[in-house]
Amino acid sequence: MSADPFYITTPIYYVNAPPHSGHAYTTIVADTVARYHRLAGRQVYFLTGTDEHGDKIAQAAARATETPQAYADRISAAFRETWQRMDLRFDQFIRTTEARHTRVVQAILQKIHDAGDIYFGEYGGHYCVGCERFYTEKEMVDGRCPDHQTRLEFVKEQNYFFRMSKYQDWLIRHLHEHPNFIRPERYRNEVLGFLREPLEDLCISRPRTRLTWGIPLPFDDRYVTYVWFDALINYVSALDYPDGELFGTFWPVAQHLIGKDILKPHGVYWPTMLRAAGIPTYQHLKVHGYWLVDEAKMSKSRGRTLSPLDLADKYGLDALRYFLLREMVFGLDANFGEVALVQRLNADLANDLGNLLQRTLTMVGRYCDGRIPAPGDPATEGDRTLRGVAEGLAGRVAEALEVFAFHRALEAIWELLNAGNKYLDEQKPWELAKRDREALARVLGHTCEALRLAGLFLSPFVPATAEKLWAQLGVTGPVAEARLREAGRWGAEGARAMVRGEALFPRVEFSLEDAGASAASAPTTEARAASSVEITIEEFRRLELRVAHVVEARAVRGSKKLVELKVALGPEERTIVAGILLDYPPAELVGKQVVILANLKPSTLMGVESRGMLLAATDPDGRVVLLTPEKPVAPGSQVK
């Protein structure tokens with residue numbers, strides 16, 4: 001095994017319903033982190049799986065008229081197949097119904113019982129089947145579960161209890177002595193908040209007269225194990241605790257990844273269980289926020305879910321990965337919206353990344369016979385600036401991923417892509433082709449090298465895209481087998497032949513009524529493919545195409561792409577928002593005549609109402625070109 005191991009786990013997902021996009025986010029995060037550390041040359045172990053015991057599973061199986069085992073088999077398979085179809089490369093998928101897991105759970109229970117930290121007693125409390133836990137009067141909200149909003153049932157019964165209160169002072173000390181034990185800090189503070197009140201002992205059993213679907217206690221088979229005491233142990237049973245080589249190698253560097261709804265079991269129950277069993281605690285607990293749909297938590301029990309495969313099939317796996325990683329600040333809640341996903345795809349992936357690659361390779365093909373020049377040494381300030389951004393990328397990405405700041409890592413990569421686009425615009429290789437072929441080769445070589453490095457660092461985030469990018473750049477070998485130490489050097493690849501390929505991210509045409517956006521855009525691959533579909537003259541006449549005169553233009557505050565235009569259609573004036581800032585500075589638009597779709601339903605983008613859409617095409621270098629009349633005509637004239 002490597003001397004530099006890395007162990008990342010997701011929660012094991014409860015099989016009361018199929019996976020949704022909230023589960024996908026957590027697993028994509030773990031997959032991204034695992035891919036990054038493999039890229040860095042570390043020995044990585046990535047664990048995921050399913051949690052399959054307890055009241056909820058027994059009830060869900062009964063509703064489905066299946067045995068609990070058959071039901072668990074079916075839903076667990078759905079999780080595994082979904083992650084495999086999404087190319088999430090876990091090293092192990094564990095199930096809590098496996099015999100090896102049962103053996104470890106019972107061994108740890110017996111060890112803690114023998115040490116005197118499990119006792120028999122009676123307890124009465126308000127029980128939530130959805131949470132599979134008892135709530136105190138203080139925790140309830142109007143007699144209901146604070147999470148599921150269901151009215152709680154008072155249950156009084158004899159059970160076994162874990163002396164969790166015995167370890168309260170130790171856990172408080174541990175949190176103070178290891179301030180990075182739980183990240184981000186807000187969640188460490190939340191756990192310390194739990195611990196300001198006396199910690200109750202944990203009920204760890206359920207009588208088999210009420211529930212049979214669980215792991216029997218080794219010291220009293222009249223009871224089954226409470227699902228949380230069972231499920232948490234997967235993190236060590238998967239490593240063949242206590243004597244397995246995997247356990248010796250990876251447990252000392254364990255990092256758990258969870259959503260904030262299961263902070264208390266992972267931040268309080270699990271450390272105290274480990275302490276009682278004589279097992280060292282995990283290294284870090286990384287906690288993310290909720291994905292919200294219509295301002296409410298994505299939840300299976302409440303019916304607020306989005307299928308990750310449906311979204312991936314519609315927009316592509318990498319577009320979904322990019323959106324989830326870029327949109328959420330790790331630790332905070334984020335809003336999930338299909339509109340926002342499409343906007344990210346078009347602006348960041350299709351324009352910034354895909355367009356830079358397309359326009360660069362178009363010029364390599366046109367001016368260099370398809371041979372990518374070696375980048376060579378920088379000769380101008382522009383060369384040095386671009387190379388400096390590229391060479392600073394490794395440190396910035398590493399720093400961001402150390403604290404799971406995926407949005408910051410992607411922002412750093414996009415700074416390189418934006419620098420590449422700016423570099424091309426300033427160096428103007430299409431003009432150098434007429435007067436300085438040596439400078440032309442240097443500029444295209446530098447741009448291709450910046451793209452190669454961007455692809456390398458993008459590979460953990462959008463792996464399929466990174467492979468396509470490297471392939472078109474003619475780089476030898478797959479990105480998945482590259483290592484930062486060698487491939488991350490500027491100039492690691494010399495001159496080579498490019499390979500023509502399809503656009504990385506064709507733009508997606510989304511209903512502007514749904515998208516709340518209005519922007520000039522090039523036709524997508526799908527739109528071009530559908531162009532042979534015939535329409536009637538009556539359908540065409542429904543489109544009100546008119547010539548407009550641009551009266552005012554300004555950049556939309558907070559946007560890198562959008563321009564707000566005031567246009568005149570004869571005596572009428574209206575506002576249109578268009579995504580053309582990269583190709584048309586606002587000052588150049590004033591006085592221009594353009595063609596607009598005038599009877600488009602109004603929509604709002606970045607707080608500005610847009611009433612219409614500019615018509616545009618894309619030139620061979622990927623730049624937006626507005627449609628204008630051949631000669632001036634009266635504003636408001638209809639295009640027929």
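Predicted model: local features only at pLDDT ≥ 70, side-chain atom pairs only at ≥ 80, totals over all residues.

The questions and answers below go from the whole chain to single contacts.

User: What share of the residues of the chain counts as buried?
Analyst: Buried means under 20% relative accessible area. The chain has 640 residues. The buried share of these is 55%.

User: Among contacts between residues at least 6 apart in sequence, what percentage joins residues at least 24 apart?
Analyst: A contact here means heavy atoms within 4.5 Å. Among pairs at least 6 apart in sequence, the part that joins residues at least 24 apart is 73%.

User: How are α15 and α16 oriented: roughly parallel or roughly antiparallel?
Analyst: The helices are α15 (residues 393–402) and α16 (residues 406–427), and their axes come within 7 Å. They cross at roughly 165°. Angles over 145 degrees count as roughly antiparallel. Therefore α15 and α16 are roughly antiparallel.

User: Which residues of α16 make the contact with α15, and how many residues of the contact are charged?
Analyst: The crossing of these two helices, α15 and α16, is left-handed. From α15 come Leu-393, Arg-396, Val-397, Glu-399, Ala-400 and Leu-401. From α16 come Phe-406, Arg-408, Ala-409, Ala-412, Ile-413, Glu-415 and Leu-416. The contact divides into 9 nonpolar residues, no polar ones and, for the charged, 4.

User: How are α18 and α19 oriented, and what is the hand of their crossing?
Analyst: The axes of α18 (residues 437–458) and α19 (residues 463–472) come within 8 Å and cross at roughly 155°. That angle makes α18 roughly antiparallel to α19. The crossing of α18 past α19 is left-handed.

User: Which residues make the contact of α18 with α19, and how many of them are nonpolar?
Analyst: On α18 the contact uses Leu-451, Arg-452, Gly-455, Leu-456 and Leu-458. On α19 it uses Pro-463, Ala-466, Leu-469 and Trp-470. There is 1 charged and 1 polar residue in this contact of α18 with α19, and the nonpolar count is 7.

User: How many aromatic pairs does the structure hold, and what is the class of the pair Phe-90 and Phe-93?
Analyst: The structure holds 27 aromatic pairs. In one of them, the rings of Phe-90 and Phe-93 have centres 5.8 Å apart and planes at 55°.

User: Are Phe-90 and Phe-93 buried or exposed?
Analyst: Phe-90 has 17% relative accessibility, which is under the 20% cut-off. Phe-93 has 5%. Therefore Phe-90 counts as buried, and Phe-93 is also buried.

User: How far apart in sequence are the parts that Tyr-235 and Trp-270 tie together?
Analyst: The ring centres of Tyr-235 and Trp-270 are 6.1 Å apart with planes at 55°, so the pair is tilted. Tyr-235 lies in α8 (residues 234–237) and Trp-270 in α10 (residues 263–277). The parts that this pair ties together are therefore separated in sequence by 35 residues.

User: Which residues form the cluster of ring pairs with Tyr-235 and Trp-270?
Analyst: Tyr-235 is buried at 1% relative accessibility. Trp-270 is buried too, with a relative accessible area of 1%. The cluster linked by ring pairs is Tyr-235, Tyr-241, Phe-247, Trp-251 and Trp-270.

User: Which residues does Gln-255 touch, leaving out those up to four places away in sequence?
Analyst: Gln-255 sits in strand β13 (residues 254–259). With a relative accessible area of 8%, Gln-255 is buried. Its contacts are Phe-6, Tyr-7, Ile-8, Thr-9, Gln-283, His-284, Lys-286 and Phe-404.

User: Which residues are in contact with Arg-89 beyond four places in sequence?
Analyst: Arg-89 lies in the loop between α3 (68–85) and β4 (92–95). At 43% relative accessibility, Arg-89 counts as partly exposed. The contacts are Asp-31, Arg-35, Arg-38 and Phe-46.

Key:
Residues numbered from 1 in each chain as written. Heavy atoms only, no water. Axes fitted to C-alpha atoms, helices over the stretch in contact; angles between N-to-C directions. Helix = DSSP H or I, 4+ residues; strand = E, 2+ residues; numbered from the N terminus. Parallel < 35°, antiparallel > 145°, perpendicular 65-115°, else oblique. Left-handed = near helix turned anticlockwise from the far one by under 90°. Nonpolar A, V, L, I, M, F, W, Y, C, P; charged D, E, K, R; others polar. Phe/Tyr/Trp six-rings, centres within 6.5 Å; stacked < 30°, edge-to-face > 60°. Buried < 20%, exposed > 50% of the residue type's maximum accessible area, 1.4 Å probe, protein only.
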